[in-house]
Amino acid sequence: MVAAVRQGNSLRSVAKKFRVSLRTVQVWVGRTKGQRLDRVDWSNQPRGGRREACSTSASTEGLIVRLRKQLKESSPLGDCGALAIREELQRRRVKPLPSVRTIGRILLRRGVLDGRVRVRRPPPHPGWYLPRVATRKVELESFDFVEGLVIRGGTDVVVLNGMSLHGGLCSSCVQSSWTAKQTVQALVAHWREHGLPTYAQFDNDTVSQGPHQWPNTFGRVTRLCLQLGVIPVFAPPREMGFQAAIESYNGRWQAKVWRRFEHDSLRTLRRHSDRYVDAARKRSVARRDAAPSRPSFSEEWKLDLQTPLRGTVIFLRRTNNQGVAELLGQSFPVDPAWLNRLVRCEVDLTRGQIRFYRLRRREPTQQPLMKTILYETPKKRFHE
């Protein structure tokens, strides 16, 4: 730039040519002060020394580091933090006296702190607790109820939402209340239209799982999944992350449908909800095309609640401080060394056994079998 100016070009034309501001050209031309270009100091250092005038002196920094080591080794209390070092500097009448925060920054810059920095590990793949889902070989579809909504005038609203993990296929059914029988009808209608997932995930409410007052109870929704070859999965209670996909959709549905419009009846709300679901499905077409295929629903199939239980039901649970997992209204000892940890409990109704697998977010691909116990498959008649 300076050579171009000295050749007779204007400052503005040089700035335009090199795509810099006019002020930049003026600064570099002024720095040469008429000297030969090979004798100009082109280093972009501020005038004065490398240390700011108000910075702590090197001797004080060295004293701080030495004091920390001395306090750590010989102090009666063993305190060697920034506050203890400042108190010792004050006792020695060091001037100027640095602040506690300055001392902390000096210790950090010198690399003499003992605290370990938290290691940020990447999150596991979606559906990591089910190996075939994590590797995108099969589809997982989650369902959840949005409750506590009331239309002005006193009309209760409960929404059954669904979301597939890989395909992003959403669904929303609006009613004033839901029973297990109505939930079965909604699931059948949804799966007839879009095909069957390999896994269907639910919360642990009585509508999805069945009554909780009796042990070894498999409700209407669970029996529907088993007869269709869909593996029901029940998320662990009070755990974050397992229902993230459906919880995210619940939030979007409430923001874009429930709070966005004024609803005077269930019919109006259903119309707004169906319009949103159609638009969301159109947006996720490419995602669904790349998702695992879903088997078609047999037109001749009919639900028979008295059919003997066969198939697998999965419960995701966390053991207690004795290594015991709670499921199906019973307590199962898993491993006394695996305390307050996640386990995948596969209830194999065909073979009559329960398999417990170890789960760790830090090592999502390592899910060894911990224990297998015998389980007597219930044969009692289902009360419709």
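Modeller: At 7% relative accessibility, M163 counts as buried, where buried means under 20% relative accessible area, exposed over 50% and partly exposed in between, with a 1.4 Å probe and protein chains only. This is a predicted model, in which local features need pLDDT of at least 70 and side-chain atom pairs count only at pLDDT 80 or more, while totals for chains, interfaces and linings use all residues. Residues are numbered from 1 along each chain as its sequence is written, and side-chain values use heavy atoms, with hydrogens and water left out.

M163 lies in strand β2; helices (H or I, at least four residues) and strands (E, at least two) are DSSP runs, numbered from the N terminus. Not counting residues up to four places away in sequence, M163 touches L140, E141, S142, G168, L169, C170, A245, I246, Y249 and R252, a contact being heavy atoms within 4.5 Å. V146 is 17 residues from M163 in sequence, and their C-alpha atoms are 13 Å apart in space.

Strand β2 (155-164) is also one of the elements against which the buried residues of helix α12 pack. The others are β1 (140-151), β3 (170-175), α8 (180-194), α11 (244-258) and α13 (285-290). In α12, the buried residues are L266, T268, L269, H272, S273, Y276, V277 and R281. The 18 residues of α12 (residues 266-283) should span 26 Å at 1.5 Å a residue, and the end C-alpha atoms are 26 Å apart, which agrees. The expected span of a helix is 1.5 Å times one less than its number of residues.

Helix α8, one of the partners of α12, holds T183. T183 has 2% relative accessibility and therefore counts as buried. Leaving aside neighbours within four places in sequence, the contacts of T183 are F145, L160, W178, V207 and V221.

V221 is among the buried residues of helix α10, along with R220, T222, R223, L224, C225, L226 and L228. Helix α10 (residues 220-228) is mostly covered, with 8 of its 9 residues buried. Its buried residues pack against α8, β4 (199-202), α9 (206-209), β5 (231-234) and β6 (312-318). Just after α10 comes G229, with a positive phi of about 80 degrees.

For contrast, V117 is found in the loop between α6 (100-110) and α7 (131-134). V117 has a relative accessible area of 74% and is exposed.

Now the whole chain. Its secondary structure comes to 13 helices and 11 strands. Its radius of gyration is 34 Å, well over the 21 Å that the globule rule gives for 384 residues, so the chain is more spread out than a compact globule. That radius is taken over C-alpha atoms, and the globule rule is 2.2 Å times the number of residues to the power 0.38. Along its principal axes the C-alpha trace spans about 100 × 70 × 45 Å. Of the 384 residues, 42% count as buried. Among contacts between residues at least 6 apart in sequence, 59% join residues at least 24 apart.
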